[in-house]
Amino acid sequence: MGLRALHERQPFAPDTDNSGVGRDIGGPYPKGDAVFLLHMNLLVNGQEYSPSASKTLKDLILEMKLVPETLAAEVNFKVIKKSEYEKTELKDGDSIELVRFVGGG
Amino acid sequence: MTDKLVIKGIEFGSRLWVGTGKYSSMEQTRAVVEASGSDVVTVSVRRVNIIDRKSENLLDYIDPKKYKILPNTAGCYNVQDALRYARLAREAGISDMVKLEVIGDEMTLFPDVCGLLEATEILAKEGFIVFPYSSDDPITAKRLVDAGAAAVMPLGAPIGSGLGIRNPYNIKIILETINIPVIVDAGVGTASDASIAMELGCDAVLINTAIAGAKDPVMMASAMNHAVLAGRLAYKAGRMQKRLYANASSPMEGML
């Protein structure tokens, strides 16, 4: 897990869709407190993304307001079975691809 | 006696298969597929748009319970990419069918048959029902059968070219050489091309651009529906022999 002390991390996770999912947790914090938060830099469909609260692939899909049933997913070039989304834990630096069917010949 | 197309135990309601690319809207796609009478549609596998979450979902317009969804590996120029897309497509959870494309060249979009054979064999071993988009070469067709393909899909002409069945003789040889279904894929331009493919004895035809690129796609979809039916009936009826010289249709007896 990409755990880092609070004073080392960026003040907020990106809020890419104005849904309020990203949140400002800027400091300063009292010295002596050791507050650790999950922080992950992921690559999702080729774009940098830092989930605010997701630990697993299923969490990420739901956090991004996508419907797991309508898509297929890869983590680090490995196709993940739908039944494994809940069990697939994400870590800092993971590359995720989320695909679905579109029109084609 | 039924004339249904059955491949690997799957019964198909129509011998016209349609692609869902190049349409102006999801609604037009839906209308075209309905007018075609087809029960098989091809789709592509592409990234979810994570910026615009409100972009429409094709399967909200094409019901997977009503239509057989055949994902393709379009845009793949090597074996690894094609395998990756096929495996992702299967995990979308609809079926094991895949229209396998391993493309050799950007201008012609002709298949890289070496890569196609390799990918067909790998996917067939993984339990996929492989429909390889192939050249019209009968030796390649035979090799694809050996590699485990469920059917062979020789092109009539380059994808999107509308040039029709460029080499009907090769297609006929393929039909006589192999014992799995032959589905012409690519190159059909208008209804007569589809009929020609079916009159040769092909088991089905897959059409996209000829419908999407028509001035009235819904009407062309209906035309293709009839063309495939007509071609199939003509094939089963057994056409007349060609003659060099005339053979009168009206009797001479009773002439004044």
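How many helices and strands are there in chain A?

## Overview of chain A

This report describes a predicted model. In chain A there are one helix and seven strands.

Chain A has 105 residues, and buried residues make up 42% of them. Among the contacts in chain A with a separation of 6 or more, 53% are accounted for by residues 24 or more positions apart.

## The contact between chain B and chain A

The contact between the chains takes 31 residues from chain B and 29 residues from chain A. The size of an interface is often given as the accessible area lost when the parts come together. Between chain B and chain A, the buried area is about 2,600 Å², and carbon and sulfur atoms give 58% of it. On the side of chain B, the residues that lose the most area to chain A are B:Arg47, B:Arg53 and B:Glu91; together they provide 28% of what that side buries.

Across this interface, 14 residue pairs are in polar contact. The elements of chain B that give two or more residues to the side touching chain A are strand 4 (40–47), strand 5 (68–71) and helix 2. Of these, strand 4 of chain B gives the most, with six residues. By class, the side of chain B that touches chain A has 13 nonpolar, 10 polar and eight charged residues.

Three salt bridges are counted between chain B and chain A. B:Arg47 forms a salt bridge with A:Glu97, and the closest N and O atoms of the pair are 2.7 Å apart. B:Arg47 is also one of the residues of chain B that lose the most area to chain A.

## Salt bridges within the chains

How many salt bridges does a search of the whole structure find over all chains? The search finds 17. In chain A, A:Asp94 forms a salt bridge with A:Lys91, with the closest N and O atoms 3.0 Å apart. A:Asp94 counts as buried because its relative accessibility is 3%, whereas A:Lys91, at 44%, counts as partly exposed.

In chain B, B:Arg232 forms a salt bridge with B:Asp3, the closest N and O atoms being 2.7 Å apart. This pair links distant parts of the chain: B:Arg232 lies in helix 8 (residues 217–237) of chain B and B:Asp3 in the segment before strand 1 (5–7), 229 residues apart. B:Arg232 is buried, with a relative accessible area of 13%, while B:Asp3, at 25% relative accessibility, is partly exposed. A further pair in chain B is B:Glu126 and B:Arg87, whose closest N and O atoms are 2.5 Å apart in a salt bridge. B:Glu126 lies in the loop between helix 3 (113–125) and strand 7 (129–134) of chain B, and B:Arg87 lies in helix 2 (residues 79–91) of chain B, so the pair ties together parts that are 39 residues apart in sequence. B:Glu126 is partly exposed, with a relative accessible area of 30%, and B:Arg87 is partly exposed, with a relative accessible area of 30%. Salt bridges that share partners also join B:Asp3, B:Arg15, B:Arg232 and B:Lys236 into one network.

## Cysteines

A disulfide is a covalent bond between the sulfur atoms of two cysteines. A search of the whole structure finds zero disulfides over all chains. B:Cys76, for example, is in no disulfide, and the nearest cysteine sulfur, that of B:Cys114, is 17 Å away.

Is B:Cys76 buried or exposed? B:Cys76 is buried, with a relative accessible area of 1%. B:Cys202 likewise counts as buried, at 0% relative accessibility.

## Helix 6 of chain B

Helix 6 (residues 191–200) of chain B is mostly covered, since seven of its 10 residues are buried. The buried residues are B:Ala191, B:Asp193, B:Ala194, B:Ser195, B:Ala197, B:Met198 and B:Leu200. An α-helix has 3.6 residues a turn, so residues three or four places apart point the same way.

The buried residues of helix 6 of chain B pack against helix 5 (168–177), strand 9 (183–185), strand 10 (204–207) and helix 8 of chain B. Just after helix 6, B:Gly201 takes a positive phi of about 120°.

Definitions and conventions
Residues are numbered from 1 along each chain as its sequence is written. Chains are lettered from A and ligands numbered from 1 in the order in which they are written. This is a predicted model: local features need pLDDT of at least 70, side-chain atom pairs count only at pLDDT 80 or more; totals for chains, interfaces and linings use all residues. Side-chain values use heavy atoms; hydrogens and water are left out. A salt bridge is a side-chain nitrogen of Lys or Arg within 4 Å of a carboxyl oxygen of Asp or Glu. Buried means under 20% relative accessible area, exposed over 50%, partly exposed in between (1.4 Å probe, protein chains only). Helices (H or I, at least four residues) and strands (E, at least two) are DSSP runs, numbered from the N terminus. A disulfide is a pair of cysteine sulfur atoms within 2.5 Å. Contact means heavy atoms within 4.5 Å. Buried area is the accessible area (1.4 Å probe) that two parts lose on being put together, summed over both. A polar contact is a pair of N or O atoms within 3.5 Å; within protein, one must be able to donate a hydrogen and the other to accept it, and residues adjacent in sequence count only if both atoms are side-chain atoms. Ala, Val, Leu, Ile, Met, Phe, Trp, Tyr, Cys and Pro count as nonpolar, Asp, Glu, Lys and Arg as charged, and the others, Gly among them, as polar.
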